[in-house]
Amino acid sequence: MTDQTAVLRDVRRGMIPAHIYNDSETFALEKERLFGRAWLFVAHESEIPAPGDYVVRRVLEDSFIVTRDESGEIRAHFNMCLHRGMQVCRAEMGNASHFRCPYHGWSYRNDGRIVGLPFHQDAYGGEAGFRRKGQRLLPAPNLATYNGMIFISLDPDAPPLEDFLGDFRFYLDYYTRQSPSGIELRGPQRWRIKANWKIGAENFAGDMYHTPQTHTSVVEIGLFREPKAEKRKDGATYWAGNGGGTTYKLPPGDLDERLRYVGYPQEMIDRMKAAWSPQQSQVIGRDGFMISAASLFPNLSLVHNWPRVADSEAVLPFISIRQWQPISENETEVLSWFAVDAEAPEEFKALSYKAYLMCFGSTGMFEQDDVENWVSLTNTAAGSMARRLLLNSRMGLLEDGVQVSPTLTPDEFAGPGTARTGYSEYNQRELLNRWADHLERPQPRAATVEVGTGHGPDSCDAEPAGTDTAPRRSEGDP
Ligand code: FES
Ligand code: FE
C-alpha cells in the first residue's frame, strides 16, 4: 500500500514520487476523485451543428452520447440502456432523432426520453408494471459550454464551469474565439500511446525546457523560422484559473505586424481585433507574447504554432485541441482536433490543416518526438526503483523558495494570473497541485437512479409518445 498522504505532500513541495506515472493504485484514486469530479471537455458545438447530430465520447469507461436534440438543446446521455445495460449507440457520430438499443429494441428520443418499449403491455402489464413516464437515459450530472466547447462533470455538486475555468477563459479565447463565429473543428484523430495521461498534460502546460533537446531535429530542418530553439526561454509562461501555458516572444511590432509575422491574413487579424478585449490584444500587440501551447486541468491541451508549410519563408499558424484520455495507468488515448476560425478563408483553412498534420497530427513531427520520451518514462516508472525516487520539479525556484526569474508586472504582461519568463516548472507544479487537491478529497456523492418504478428521475415534464413504433428518422446504431 502506498502512503498517499506522503505522496500528496511531496507533490505539493515540487518533489514528484516517480511511480505516480505508472501506478494502478494512483490511477484508481484518479478515476474516483479526479475524473469523478472535474469538468471535462467532451466535444465542440461545431461537431453537432444540426438537431439530431451526435458524437459518442467517453469519460474513462463511461460512454456518453453528446447530442443536439430536436429543440436545439445540447445534451449528454449516459450511453447505457435502461433495460439491461447495453450500450445504446455504438456509432461514433451521426444524426438520429432516436436511438434504438440493439439488444431488445428499447428506443429513446434524442432528448433521452424512452419512446418505444417493445411488448410493453405483454411483458410488463403496461404502465402498472413499468412506468415509462419520466424515464430517460441518464443525463451527465452537469453540462455547460464555453465558446462552444462542451464540458461535462460527473459531480452533481460541481462548481459552475465559469468558476472552474476562472481567468483561464481569457487565454482560451485566443484558441477558440478569433472571430464572433468562433471555431470549427475537424477530427478527432485518435491514437493510443503507452504513456501515463499526466505527462502530456504537464508537457503542454509549461515545458519550454524540452524544446531545444527533444525537438532539435525539427528546428534543424527549418520547420520554424527561428533557427535557435533556445529562443524559447524568452517567452513567458502564465497560469490563471485552472489552466496555464507558454508563449513565444515576438520581434518588435504592433498587433497587426505581430499577427502577420505568425502568418495570419489581414482579414482574420481584423476579426481578432474585434473579437478580443483590449487586454487580450495587449498581450500580443503591446507585450509581444504570442500564445502557444497550454493545458487546462486535468487533461485538455491546446496548441497554437506557426511552422513553414512550404520551402519558403512563409509560415502558417494552426490551432489544435487535444485530450489525454486515460485508458489505464500506462496507456492514454489521444484525441486530437484541428481547430480553425469558422470565418477564415478556405485557402487558409486548407493550409492551416496541413500545418497541423505536419506538426501534431498522429504522424506529426513534434508528436513523434514527444511520445518516444513519454512511453519510455512511463515504462521506467513501473518498477520498484521508481518508488525510491522523488523527481525534482522545482525548476524556477531556489532552494529557499525564492524565484529565479521575477513575476512579470501588468505593464509587462497584460493577461490575468501569474506570468514569468525563463525556463521553469511553475505550471507543471500548478497542474499537479490541483491533482493533489482532487485526490485528497473524498469521492463526490451521487444518488442512484431506479428505473421504471416511479422512483426514477422525473425531470421529464412530457409524456413519452407511448408507441412501440420505429423511429421516424435514422437510428443511432446503424
Ligand atoms: Fe437495451 Fe434490453 S438492454 S433493450
Ligand atoms: Fe514537445
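Predicted model: local features only at pLDDT ≥ 70, side-chain atom pairs only at ≥ 80, totals over all residues.
Residues are numbered from 1 along each chain as its sequence is written, while chains are lettered from A and ligands numbered from 1 in the order in which they are written.

Where the two meet, six residues of domain 1 are in contact with seven of domain 2 (in contact: C-beta atoms, placed from the backbone, within 7 Å).

## The core

The largest nonpolar core has 114 residues, and Leu40, Val42, Phe64, Val66, Tyr171 and Ala339 touch the most other members. Both domain 1 and domain 2 give residues to this core, so it lies between them. Such a core is a set of buried Ala, Val, Leu, Ile, Met, Phe, Trp, Tyr and Cys residues joined through C-beta atoms within 7 Å. Buried takes 20 or more other C-beta atoms within 10 Å of a residue's own, exposed 12 or fewer, and partly exposed is in between, with C-beta atoms placed from the backbone.

Take Tyr171: beyond its neighbours within four places in sequence, its contacts are Tyr238, Ala240, Gly243, Gly245, Ile291, Ala294 and Gly415.

## Helix H2

On helix H2 (residues 24-34), the buried residues are Thr26, Phe27, Glu30, Arg33 and Leu34. They cover an arc of only 150° around the axis, which puts them on the same side of H2; the arc is that of the directions from the helix axis to the C-beta atoms. Ser24 and Ala28, on the other side, are exposed.

What do the buried residues of H2 pack against? Strand E17 (318-328) and helix H14 (426-439). Helices (H or I, at least four residues) and strands (E, at least two) are DSSP runs, numbered from the N terminus.

Methods. Domains from an automatic or database assignment.
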